[in-house]
Amino acid sequence: MHDLSAKRIVVASHNAGKLREIADLIAPFGFDARSARDYGLPEPEETGTTFEENALIKALAAASATGLPALSDDSGLVVDALDGQPGVYTANWAEKADGSRDFMMAMEKTEALLRARGAVDPGDRTGRFVAVICLCWPDGTHELFRGEAEGTLVWPPRGDKGFGYDPVFMPEGHDITFGEMSAEEKHGWTPGQPTALSHRARAFKAFAEAKLGRA
Ligand code: IMP
């Protein structure tokens, strides 16, 4: 039976920033939502070339290993002037030789490439954060939900409230970056509200509407 009435789910991520946000988003629905890290699961290799493929790889690995329905998030930053880069390689751009991640280095790389392409005016620095949430069952049955947040890349980085590339991303219609927003502001959504702001909250809202019966 593919229903979520048991209210147990494994959140197929090891990323602390994402886990915090997904925990926030799912909290009003009363789930026992533990993470892949809580279950001691290894991080699967993300070999896909789309957010959808990678979201499925992560959710399927966690669902198969635990026997529980799994919810994953594959996300990234798509910059127009960089032909969509870093895209599915957003996390990789932060990887250092020793395997650790340095997001200041990743933001600097993005900025250097934008400058090299002459993208200085805000109108030339547009892009979006994309999140694809996958709900997957141990038998491989799955559904995908995509959310996107349009915005502009700013420099220098601003704010220390978020994670990853938040300090350089100013969402459309706002004059502060995701890094300067509280978690609530960045989600821009609670169940029952008609709109959401962040890519993750938009994807989660679509998941909640389809699978949790209310959103
Ligand atoms: P992945 O989904 O594990 O491949 O990693 C996606 C990467 O995109 C993360 O490591 C972050 O660097 C970045 N990212 C995704 N969502 C956000 C966000 O909400 N804020 C800032 N960075 C994000």
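## Helix α3 and what covers it

The buried residues of α3 (103-116) are covered by elements that include β3 and β5, where helices (H or I, at least four residues) and strands (E, at least two) are DSSP runs numbered from the N terminus. In this helix A106, M107, T110, E111 and L114 are buried, buried meaning under 20% relative accessible area, exposed over 50% and partly exposed in between (1.4 Å probe, protein chains only). These residues cover an arc of only 135 degrees around the axis, which puts them on the same side of α3; the arc is that of the directions from the helix axis to the C-beta atoms. On the other side of α3, R115 and A116 are exposed.

The end C-alpha atoms of α3 lie 20 Å apart, in agreement with the 20 Å that its 14 residues should span at 1.5 Å a residue, the expected span being 1.5 Å times one less than the number of residues. At the start of α3, a side-chain oxygen of D102 comes to within 3.1 Å of the backbone nitrogen of M104, and after the helix comes G118, with a positive phi near 75 degrees.

## Basis of the model

This is a predicted model, in which local features need pLDDT of at least 70 and side-chain atom pairs count only at pLDDT 80 or more, whereas totals for chains, interfaces and linings use all residues. Residues are numbered from 1 along each chain as its sequence is written, and side-chain values use heavy atoms, with hydrogens and water left out.

## Nonpolar cores

A nonpolar core is a set of buried Ala, Val, Leu, Ile, Met, Phe, Trp, Tyr and Cys residues joined through side-chain atoms within 4.5 Å. The largest one has 23 residues, and those with the most contacts inside it are L4, L71, L135, W189, F204 and F207. At least two residues each come from β1 (8-12), α1 (16-26), β4 (126-136) and α5 (199-211), with α5 giving the most, five residues.

Apart from neighbours within four places in sequence, F207 is in contact (heavy atoms within 4.5 Å) with L4, L71, I133, L135, F145 and L212. A second, separate core of 18 residues includes W93, L114, A149 and V168.

## Backbone exceptions

Most residues other than glycine have a negative phi, and most peptide bonds are trans.

Phi is positive, near 55 degrees, in K7, which sits in the segment before β1 and is partly exposed at 37% relative accessible area. For D83 phi is likewise positive, near 55 degrees; D83 is found in the loop between β3 and α3 and is exposed, at 66%.

Note on methods:
Polar contact = N/O pair within 3.5 Å; in protein donor to acceptor, adjacent residues only side chain to side chain.
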